[in-house]
Amino acid sequence: MRRPPLIVVQLVHISGPMKGEIQEFTESVISIGRHSSCHLRFPANLTQISRKHAEIIRDGNQFKLIDQSTNGTFVNGKRVQEVYLKNGDVLEFSEGGPKVSFLSEIKEAPIEMEAPLPPREKEIVPEPPRPISPQRPSPPPPKESPEAPPLRVKASLMIQYGPTIRSYKELPILIGRSQKCDFILDQPWISDQHAQIFFFENEYWIKDLTGQKLIQINRQAIPFQAPLKQNDEIGLTPRGPTFRYLGEGRLAEVEEVPPPMEEEIKKKEESKAHEKKESKGLFSFFKK
């Protein structure tokens with residue numbers, strides 16, 4: 001007997017004390033706030049969040065957000081009182097407060113199987129003897145292929161980049177600057193077809209398509225492709241962007257402080273040289 005489908009709500013923390021975490025809920029009412037009874041509970045010292053700040057209520061196959069706070073709840077930058085949510089909406093709890101991205105997913109409930117009848121006893125009939133063939137040397141084991149094949153398979157992938165979240169149900173996907181890519185990064189240091197993410201033997205893999213060994217895992221360049229392990233940091237180029245693999249096909253952007261620009265360094269060096277020249281001229285003047 002098949003049960004009704006199960007709808008799972010995912011809240012991906014984009015900013016705030018739980019940044020990078022993904023929480024899943026199956027309740028018909030999801031309470032949000034600082035109170036100990038809330039499903040999504042923020043720290044008690046985060047006073048800009050009300051004790052009972054908001055609720056997400058299931059209405060059929062839709063979800064409605066109801067604000068109950070003093071400082072307000074914002075959806076995609078707009079303050080709301082009640083609103084139906086859609087996948088990818090960004091929720092902000094009070095102005096400048098923590099942000100989460102809303103996702104809902106319908107999952108098939110497990111099928112209830114009737115208890116099988118006990119097997120009947122079968123009459124054992126001895127097999128006739130097989131002719132003995134001369135033994136041949138077993139073939140050597142196949143060599144491990146340096147390249148895992150990126151086959152088209154049903155596998156979920158979710159990428160959080162800035163305030164947006166993209167989800168995929170089928171792999172592989174292409175990452176790059178070209179409009180033909182599945183995940184587009186419009187940055188000059190990203191190649192048209194930069195990387196590929198695929199699923200092979202119960203693991204998620206990333207492949208470097210640049211031919212320049214630009215992709216790094218934990219600050220080590222990968223030769224061509226490599227499997228992803230939980231908490232790996234994946235840098236697409238030395239200049240970014242960088243993502244953390246959270247496991248189960250989830251990637252979240254890691255914000256890094258950019259190094260000082262060459263022009264700023266050059267200006268500082270010129271300023272030091274100018275100060276040194278002025279001090280030297282002043283010393284010569286007093287010496288005369």
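Strands (E, at least two residues) and helices (H or I, at least four) are DSSP runs, numbered from the N terminus. The model is predicted: local features need pLDDT of at least 70, side-chain atom pairs count only at pLDDT 80 or more, and totals for chains, interfaces and linings use all residues. Residues are numbered from 1 along each chain as its sequence is written, and side-chain values use heavy atoms, with hydrogens and water left out.

**View 1. Phe198 in strand β16.**
Phe198 is found in strand β16. Its relative accessibility is 0%, so Phe198 counts as buried. Buried means under 20% relative accessible area, exposed over 50%, and partly exposed in between (1.4 Å probe, protein chains only). Pro227 is 29 residues away from Phe198 along the chain. The C-alpha atoms of the two are separated by 9.3 Å.

**View 2. The largest nonpolar core.**
A nonpolar core is a set of buried Ala, Val, Leu, Ile, Met, Phe, Trp, Tyr and Cys residues joined through side-chain atoms within 4.5 Å. The largest one has 24 residues. Leu157, Ile159, Ile173, Ile175, Ile206, Ile234 and Leu236 have the most contacts inside it. Strands β12, β13 (164–171), β14 (173–176), β16 (195–200), β17 (203–208) and β22 each supply at least two residues of this core. The largest share, three residues, comes from β12. Another core, of 22 residues, lies apart from it, with Ile7, Leu11, Phe63 and Leu91 among its members. In soluble globular proteins, nonpolar side chains tend to be buried together.

**View 3. The surroundings of Ile206.**
Contact means heavy atoms within 4.5 Å. Leaving aside neighbours within four places in sequence, Ile206 is in contact with residues including Ala195, Ile197, Ile215, Phe224, Leu228, Ile234 and Leu236.

**View 4. The tilted pair Tyr161 and Phe243.**
Rings of Phe, Tyr and Trp (its six-membered ring) pair if their centres lie within 6.5 Å; planes under 30 degrees apart count as stacked, over 60 as edge-to-face and the rest as tilted. By this rule the count comes to eight aromatic pairs. The rings of Tyr161 and Phe243 have centres 5.9 Å apart and planes at 40°, so this pair is tilted. Tyr161 lies in β12 (residues 153–161) and Phe243 in β22 (residues 242–247), so the pair ties together parts that are 82 residues apart in sequence. Tyr161 counts as partly exposed, at 22% relative accessibility. Phe243 counts as buried, at 5%. Ring pairs link Tyr161, Phe183 and Phe243 into a cluster.

On a 1 Å grid over the protein atoms alone, a cavity is a set of points where a 1.4 Å probe fits but cannot get out, and a pocket is an open set with protein on both sides within 12 Å along at least five of seven lines; lining residues have an atom within 4 Å of a point. Grid points are joined across faces, edges and corners, and a volume is the space filled by probe spheres set on the points. A search of the whole structure finds one cavity of 30 Å³ or more. The largest cavity holds about 80 Å³ of space. Its lining includes Ile159, Phe183, Ile206, Phe243 and Leu251.

**View 5. The second largest pocket.**
About 280 Å³ of space lies in this pocket. Of its 16 lining residues, Gln10, Glu105, Ser156, Met158 and Lys169 lie nearest its centre. β11 (99–107) gives the most to the lining, with four residues.
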